[in-house]
Amino acid sequence: MHFLSPEALPPEPVWINNNQLLDNHCQNWSNLPAIALDTEFVRTSTFYPQPGLIQVSNGQAVYLIDPLLINDWQPLARLFDHGGTVKVLHACSEDLEVLKLLTGTVPRPLFDTQLAAAFANLGFSLGYQSLLKQLLNTDLPKDETRSNWCQRPLTQAQVRYASLDVLHLLEVYQQLQQLLVKTVKQPWLEDDCLALTLNVLSHDPDNAWKEVKKAWQLRPAQLLVLKTLCHYREVTARQQDVPRNRVIPKGSLWPMARFNPTTMSALKKIPGMSPAIIRNQGEKILAIIQQANQMPSERRPEKLPLPLPKTARDMGSLIKSLLVKRSAELELPSELLMSNRLTKPLLRGWVEDGRFTLPDSLTGWRRDIIGVPLVAQLNQLIQTEQGSE
């Protein structure tokens, strides 16, 4: 095994710390077939990630872009929009948020090596360290994960860590490409990588209430309180750039909607409401609850459906077993085939109509390769069971 000891250093990185240097290098990178990208950021006391470093590699050299010294991101935006250069990242969802906040766009075409490893049947949700060991027989130290990347100067250990994160990424990309090229999985991967670049930072505050556990227990009037509170929580967290829980703790949302506090003393009894939050947000929260209580009844959401019954949970187990079998046939991890967010509406339709139909949210290659045969198989099983009764 090729082992990188904690003392080992990658080649000396090239620092990009002004607008002109960034423009020059972006023009050079746009002539390459692929570049490796990574970001380091801090997100402990803010809503949005605070960029601390952007790493780029062309396979030979590592470039470190200092976002604290750059204020013109148009060259990087143009590179991201340039279709002739593949942008290679690993487990990129948070990186895409950082890059979109800086540049207003996201890198395309995108190749996510974690996703590609799943399509190559190397494992689902593999960490970069594990993937590097598996493909390149290289052990990568991961000792600076929780560093403060916005501090200056960065330590030698931080620079080493950040450089190693992209130094071998193009080698990984090339090996994964060889495993997938000219297979039916390659266009599936391309579709999923494109999907990762859509709707970055576009969560709708109006829908935040639907993510609250046990919301199905609330009446429509209580749901309107919940919806109003969740909207305020989401919008305020973004405007003030603070974590959502500093506006209203997640665990306090349902009790507030359920018990409808209208006084400060009642609000203090809500679980999770700290003195600091009550001091900073208490009066505004009470005003929002009062506002929701005074809204006309037609503004109230419909009562949410009950949790799926036990029969649906049993059917869910059957669906899972069918997906595991299908994943073996396709040589793909079963987790890649269909998420719980898709199986739940599938089961909900069966509970309500007695038949399985594909949810509109199931799109792309999964609809034809997974969804259509799965629904046909499930409906056939139902017919067979009904015929034997």
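A nonpolar core is a set of buried Ala, Val, Leu, Ile, Met, Phe, Trp, Tyr and Cys residues joined through side-chain atoms within 4.5 Å. In this predicted model, the largest such core has 63 residues, and the members that touch the most others are Phe119, Leu176 and Phe356. Beyond its neighbours within four places in sequence, Phe119 is in contact with Leu180, Lys185, Trp188, Leu189, Asp192, Glu331, Leu332, Leu336 and Trp365. Another core, of 30 residues, lies apart from the largest one; Val225, Cys230, Ala237 and Met273 are among its residues.

Among the contacts with a separation of 6 or more, 67% are made by residues 24 or more positions apart.

The chain exposes about 20,100 Å², of which carbon and sulfur atoms supply 50%. There are 41 positive and 38 negative side chains, and 10 Å separates the centres of the two sets.

Gln222 is placed in helix H9, which covers residues 220–240. Because its relative accessible area is 6%, Gln222 counts as buried, the cut-off being under 20%. When residues up to four places away in sequence are not counted, Gln222 touches Gln217, Ala257 and Arg258.

How values were computed: Residues are numbered from 1 along each chain as its sequence is written. This is a predicted model: local features need pLDDT of at least 70, side-chain atom pairs count only at pLDDT 80 or more; totals for chains, interfaces and linings use all residues. Side-chain values use heavy atoms; hydrogens and water are left out. Helices (H or I, at least four residues) and strands (E, at least two) are DSSP runs, numbered from the N terminus. Buried means under 20% relative accessible area, exposed over 50%, partly exposed in between (1.4 Å probe, protein chains only). Contact means heavy atoms within 4.5 Å. Accessible areas come from the Shrake-Rupley method with a 1.4 Å probe; for residues, only the protein chains shown count as cover. Lys and Arg count as positive and Asp and Glu as negative; His and the chain ends are not counted. The place of a charge is taken as NZ of Lys, CZ of Arg, CG of Asp or CD of Glu.
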